[in-house]
Amino acid sequence: MSWTIQAKQYETDLINDLNQIIRIPSVLDSKTQTPQTPFGIDMVRALSKMEEFANRDGFRYGRVDNMVTWIEFGPADAPETLGILTHIDVVPAGDGWLRQPFNPEILDGLYFGRGAADMKADLMSAYYALKMLADQGRVLQRKVRLIIGTDEENGWRDIPRYLAQEGEPTFGFSPDGAFPVVNGEKAFQTVQLRFPSVSEGPYILERFMSGSRANVVPGEAKARINVPQGMLIAEDFANFLKQYPFLEGNVQQAGETVRLTLFGVQAHGAYPADGKNAGTYLAQFLQQYPFGGDAHAFLNFLGTTVHRDIYAKNLGLAYHDKEMGDLTLNVGVMRYSHRGQGTILLNFRYPKGVNIQAIVTQVQRHLGDLTADVTVVQAGMPPHLVAADDELVTTLSAVYAEQTGQYLPPRTSNGGSYARLLKRGVAFGGQFPDVKVTSHQANEFTPVANLTCAMAIFAESIWRLCR
């Protein structure tokens, strides 16, 4: 019986357990952060649920500082370990959902819910791969640890803590990418711009807000402005929306106060071309009005310098590496408050051949009239590459080719997975090449059939690497 057929028998149970995990809104929550709940109470609830599954199914398991849960299969005293690095945290739901993001649904063969693509579904497919091997009584020569983090979407403070306490696996993969094997990952780094925000002139920018995470293309932007008496904005805004049919929005005006809301397309910040940045589009619209002072510089930087400039050409940072591809830019967070402080977060993904100091220098050179302090705010990662002829890469590639009937060579990704924390770590699955990428987007989904397809690939991969 093929691996795929065997995995299919677990589909109902896998979905039932996945439903329980999706229903836990495991988003970083500052309101419930304590020393005992470092990333919020829901993260701990999610880890506890995975441990509940592990206990039910007879696996060894443990926890590190309420940040990471590990689930283990295979000989406990094995000298070598295969690590499967995952995370159970998700980005905020955002707007634009046609269904409840934390109440999973299946519609027309698609499983919808926040985390369906990134990466609760793949976590459960990997878990069930272990369960199937255990149910079959497979005897492994290496032990396997499913390592579940809770801070991948934010500061990566979890898995380094695990590695410091538990040690680094011999090698491993993270099902937090795409098939086939992703043996290279670009560097990533977030740069912060902070500046005074005093608006001057006949038009006053009172407030501008867009984005919640540096690694997400904002799907919504809001602005509140004061305009001269008798000046109407609604017609201009309607004409602007006609130019861009993929945008939606509304305007409310009461006297001289105007509130604007614009909806773009939210997407993963690693692939900004997949989204439509609501913040930079709204800035582009507002540029037509005579805002003065810091507001003018803020809107000009967003609406002209970095608007639709995903390869950072206007910042003098366009760069292509033959092996790892292009540098990309996502404008993830935009804040402006009249007589307060303004902030912009720029998220860069870049190949070998670029360094963060060059990025900071070029941003500083292209601020225009924006008087901003430019700093690095996230401890980013350098480029990561595992040789294409490594046993890990060749084995995973062979399993994928045999189960799908299609050989695809290893490749480089813009995204960052926990695999890069291992010397011999690659991303592998669970995004199939023919499926639309919906990570970090509204109405995030994964095909139901792919849950057990990925499970089968993971199960055979674990078996071949550890038998």
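Me: What makes E15 and strand E16 (residues 257-263) a pair, and in which sense do they run?

Reply: They pair in the antiparallel sense over seven bridges, and two strands count as paired if DSSP finds at least two bridges between them; strands (E, at least two residues) and helices (H or I, at least four) are DSSP runs numbered from the N terminus. Gln253 stands opposite Val258 in E16. This is a predicted model, in which local features need pLDDT of at least 70 and side-chain atom pairs count only at pLDDT 80 or more, while totals for chains, interfaces and linings use all residues. Residues are numbered from 1 along each chain as its sequence is written, and side-chain values use heavy atoms, with hydrogens and water left out.

Me: Why is Ser210 called buried?

Reply: Ser210 has a relative accessible area of 2%, and buried means under 20%, exposed over 50% and partly exposed in between (1.4 Å probe, protein chains only), so Ser210 is classed as buried. Ser210 lies in strand E12 (residues 204-210).

Me: Why is H2 described as roughly perpendicular to H11?

Reply: The axes of helix H2 (residues 11-22) and helix H11 (residues 448-466) come within 10 Å and cross at roughly 105°, where axes are lines fitted to C-alpha atoms, for helices over the stretch in contact, and angles run from 0 to 180 degrees between N-to-C directions. Angles of 65 to 115 degrees count as roughly perpendicular, under 35 as roughly parallel, over 145 as roughly antiparallel and the rest as oblique, and therefore H2 is roughly perpendicular to H11.
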